Amino acid sequence: MTAKKQKILVIIRQAPYSSVLPEAALDIVLTAAAFEQEVSLLFFSQGVLHLLAQESTDSSAMKNISRALPSLELYEVNNILLDREALQANALQEDELLLPAKLLNPVEISAAIAAADQVFNC
Amino acid sequence: MTKTLHLINKAPQHSSALDECLGLILSDPQAHTLMLIEDGVYAALGQADTNQHFLQGLQQSKLPAYVLMEDLEARGISDKVSGVFSLVDYTGFVDLTLKFSKVQSWA
Amino acid sequence: MQSFTLVIYASPQSPSSMTALNFARALLASGHSLYRLFFYQDGVYNACSFQVPPQDEIDLPAAWQALVQEHEIDAVVCVASALKRGIVDTAEAERYELAAANLREGFVISGLGQLIDATLNSDRTLNFLP
């Protein structure tokens, strides 16, 4: 493994239980962090819905990533970004979210994409 | 400034990917370019009612836009493509990815 | 000459696996190289040797294998995705006491770290999403 460092932006844009992609995205985040990359995680569009705590876990065979989110801090993934418009569109309040996150408008999201060396948009 | 090529592989009727992508990139046509592949090529149908809104957006923003020729031909729609798009084959697609600092996929 | 990594997320039945294969062939024909193919999620089915497609359909796993062997490409199958979907090499088959191994020759099972390594060491990484 190389000592190189890249800015990796991972975007979760699909709702919980919609597909395997949110979990795939989170695994990329955790691996990139383990390899000491500069990783950011953006919850975009329906992806913001992952930031609600589950009320129960037994209604789906699929894994929900919400429970793993608090561990992001342990991996030193501190750059958590959130689509402000999607938060409003889904009528979510900042104080009900599982994680503190930086709220971004579309221009700021566009800038975050531009600043990244690599984007995984799952 | 880094430039990003955005790949869309779903029809606009099937996925919000194109809408969400354009919502981010239309305002900055210098930094972003759009490319349609697979079912995404249906968004290039120039006369389709459902496409008028974003085709106008593309035209006004002057955001460069490409569409994959092989996927148009496989669907029998290569002569129905809006003039907003440039057609590229796979070789052109490879060349295009190298003109950008990165490629971002949307599904 | 530039180096590419292609990340394949979808099964052989998905258009995006075919797109990835066509892209791989085109970049090699243009004189570029593949640093790595990374098969992730349902993409691991492209590395399975047990498919029997009808004669009038393309055998995508066989086509990938031919490309991988001809050009000696590093073709990595994500271990977590593969085990979950029943794609195993002989070592994994023995470890989990499974009836047979079904990873195609030319492919290797490894971790997601190989994807991060690939983004660092290739000029372009493209994701072929389902």
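**Build, sheet and contacts**

For 122 residues, a compact globule would have a radius of gyration near 14 Å, and the 14 Å of chain A agrees with that. The model is a predicted one. Along the principal axes, the C-alpha atoms of chain A fill a box of roughly 40 × 30 × 25 Å. Of its 122 residues, 43% count as buried. Among contacts in chain A with a separation of 6 or more, 73% join residues 24 or more positions apart. Three helices and five strands make up the secondary structure of chain A, and along the sequence they follow the pattern β-α-β-β-α-β-α-β.

Now the sheet of chain B. Its five strands form an open sheet with parallel pairing, in the order β4-β3-β2-β1-β5. The edges are taken by β4 (86-88) and β5 of chain B; each has a single partner strand, so one side of each is left without a neighbour in the sheet. From one strand to the next, the twist averages 30°. In general, the strands of a sheet pair through backbone hydrogen bonds, either parallel or antiparallel.

Next come the contacts between chains, beginning with chains B and A. That contact takes 15 residues from chain B and 12 residues from chain A. On the side of chain B that touches chain A, α1 (17-25) and β5 of chain B each supply at least two residues. This side has five nonpolar, seven polar and three charged residues.

The contact between chains B and C takes 12 residues from chain B and 15 residues from chain C. On the side of chain B that touches chain C, at least two residues each come from α4 (90-98) and β5 (102-106) of chain B. The helix α4(B) gives the most to this side, with six residues. By class, the side of chain B that touches chain C divides into seven nonpolar, four polar and one charged.

Terms used:
Residues numbered from 1 in each chain as written. Chains lettered and ligands numbered in written order. Predicted model: local features only at pLDDT ≥ 70, side-chain atom pairs only at ≥ 80, totals over all residues. Contact = placed C-beta atoms within 7 Å. Helix = DSSP H or I, 4+ residues; strand = E, 2+ residues; numbered from the N terminus. Nonpolar A, V, L, I, M, F, W, Y, C, P; charged D, E, K, R; others polar. Pairing = 2+ DSSP bridges. Axes fitted to C-alpha atoms, helices over the stretch in contact; angles between N-to-C directions. Rg over C-alpha atoms; globule rule 2.2 N^0.38 Å. Buried ≥ 20, exposed ≤ 12 C-beta atoms within 10 Å, placed from the backbone.
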